[in-house]
Amino acid sequence: MVTLGQLWARSELALDVIVDPPTARDQEVTIVHSSELPEVDEWLAGGEVLLTIGVGQDLGAEAVGDYVARLKSVGVHALGIGLGSDLTWERVPPALIRHAEAVGLGLFGVPEPVPFVAVVDAFTRMREAETNRELTRASSAARRFANALAHQGPAALVADLAETLGTEAKFVSPTGRALVGDDAEDGVRLELIAESCKPSLAPRLVRAGDSFIEAVPLGDEEIRGWLLVPAATGGRPQTRSLLLSTGAALLG
């Protein structure tokens, strides 16, 4: 993932961080884009860094508090203001700073002559580099899984998968009986039995007490086993999905 702190730290951008709320730098940025729409929050999904020069509204008026609150409520991580002698603002207006501090919205200035496209491009390159690293990691893990299975058997593959994901993993029969390690819990076994009767070969979320287990089925036309791991709470879902599907295919 690319964090807000990583974006702010790009030296070639020389971004001026003005409001830096606690934990803001650790937040994952989903996209960076610019908009001058006053009601832009209607088009946002959360995780964004939004860039504006304030053409659509007065960023120095007290009414800007409503705009800032709406951005925060939809999950925008930070607002960047384009600054320059030929732009609306040469310095970030005090009213905007106050309201950003009040709601905990990250705020920074994009100095002249840095164009918004440079900020977007920097984020895109960072995300592509992160994706390439994750794909390399997943490819390396897949080779390890295959080697472990060929030379040491299913238990070695499952152990390597668990270590790679940083969580426990189980390899069980369609009814939840252990093929490697321990049986699934009784409540989970009942759900697995029911799910094994369904035609879908898609992964499932199975309740395990107060939490959930991700159950990845093995088999081509019918379910012949399950790979069980606790439901994801972090990390890149694409990489996790690739590792689980690779492990399940090899075990199958």
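This is a predicted model: local features need pLDDT of at least 70, side-chain atom pairs count only at pLDDT 80 or more; totals for chains, interfaces and linings use all residues.
This is a short talk on how some helices pack in this model, plus a few single residues.

Let me start with helix packing. Two packed helices are described by the angle between their axes and the distance between the axes.

First up, α4 and α7. Helix α4 covers residues 116-152 and helix α7 covers 237-251; their axes come within 10 Å and cross at roughly 20 degrees. Angles under 35 degrees count as roughly parallel, so α4 and α7 are roughly parallel to each other. As for handedness, that crossing is right-handed. So which residues of α4 and α7 make the contact? From α4 you get Glu134, Leu135, Arg137, Ala138, Ala141, Ala142, Phe145, Ala146 and Leu149, and from α7 it's Thr239, Leu242, Leu243, Thr246, Gly247, Leu250 and Leu251. Sort them by class and this contact has 11 nonpolar, three polar and two charged residues.

Staying on α7 for a second, here's a quick geometry check. It has 15 residues, and at 1.5 Å a residue they should span 21 Å; the end C-alpha atoms of α7 are 21 Å apart, so that agrees. Which residues of α7 are buried? Thr239, Arg240, Leu243, Leu244, Thr246, Gly247, Ala248 and Leu251. What the buried residues of α7 pack against is α4, α5 (154-165), β6 (170-172), β9 (211-218) and β10 (225-230).

That brings us to α5. Run the length check again: the 12 residues of α5 should span 16 Å at 1.5 Å a residue, and its end C-alpha atoms sit 17 Å apart, which agrees. The buried residues in α5 are Ala156, Leu157, Val158, Asp160, Leu161, Ala162 and Thr164. They pack against α4, β6, β7 (178-180), β10 and α7. Just after α5, glycine 166 takes a positive phi of about 70 degrees.

Now let's pick out aspartate 160, which lies in α5. Is aspartate 160 buried or exposed? The cut-off for buried is under 20% relative accessible area, and aspartate 160 is at 14%, so it counts as buried. Leaving out residues up to four places away in sequence, aspartate 160 touches Arg144 and Phe145. Phe145, you'll remember, is also one of the α4 residues in the contact with α7.

Over to another helix pair, α2 and α3. Helix α2 is residues 64-73 and helix α3 is 94-103; the axes come within 9 Å and cross at roughly 35 degrees. α2 passes α3 in a right-handed crossing. On the α2 side the contact uses Val64, Gly65, Val68, Ala69 and Lys72, and on the α3 side Ala95, Leu96, His99, Ala100 and Val103. By class, that's seven nonpolar, two polar and one charged.

Aspartate 41 is in the loop between β2 (31-34) and β3 (48-52). With a relative accessible area of 13%, aspartate 41 is buried, and beyond four places in sequence it touches Arg70 and Val74.

Then there's arginine 224, in the loop between β9 and β10. Arginine 224 has a relative accessible area of 58%, so it is exposed. Setting aside neighbours within four places in sequence, arginine 224 is in contact with Pro174, Leu218 and Gly219.

Conventions: Residues are numbered from 1 along each chain as its sequence is written. Side-chain values use heavy atoms; hydrogens and water are left out. Axes are lines fitted to C-alpha atoms, for helices over the stretch in contact, and angles run from 0 to 180 degrees between N-to-C directions. Helices (H or I, at least four residues) and strands (E, at least two) are DSSP runs, numbered from the N terminus. Angles under 35 degrees count as roughly parallel, over 145 as roughly antiparallel, 65 to 115 as roughly perpendicular and the rest as oblique. A crossing is left-handed if the near helix is turned anticlockwise from the far one by less than a right angle, and right-handed if clockwise. Contact means heavy atoms within 4.5 Å. Ala, Val, Leu, Ile, Met, Phe, Trp, Tyr, Cys and Pro count as nonpolar, Asp, Glu, Lys and Arg as charged, and the others, Gly among them, as polar. The expected span of a helix is 1.5 Å times one less than its number of residues. Buried means under 20% relative accessible area, exposed over 50%, partly exposed in between (1.4 Å probe, protein chains only).
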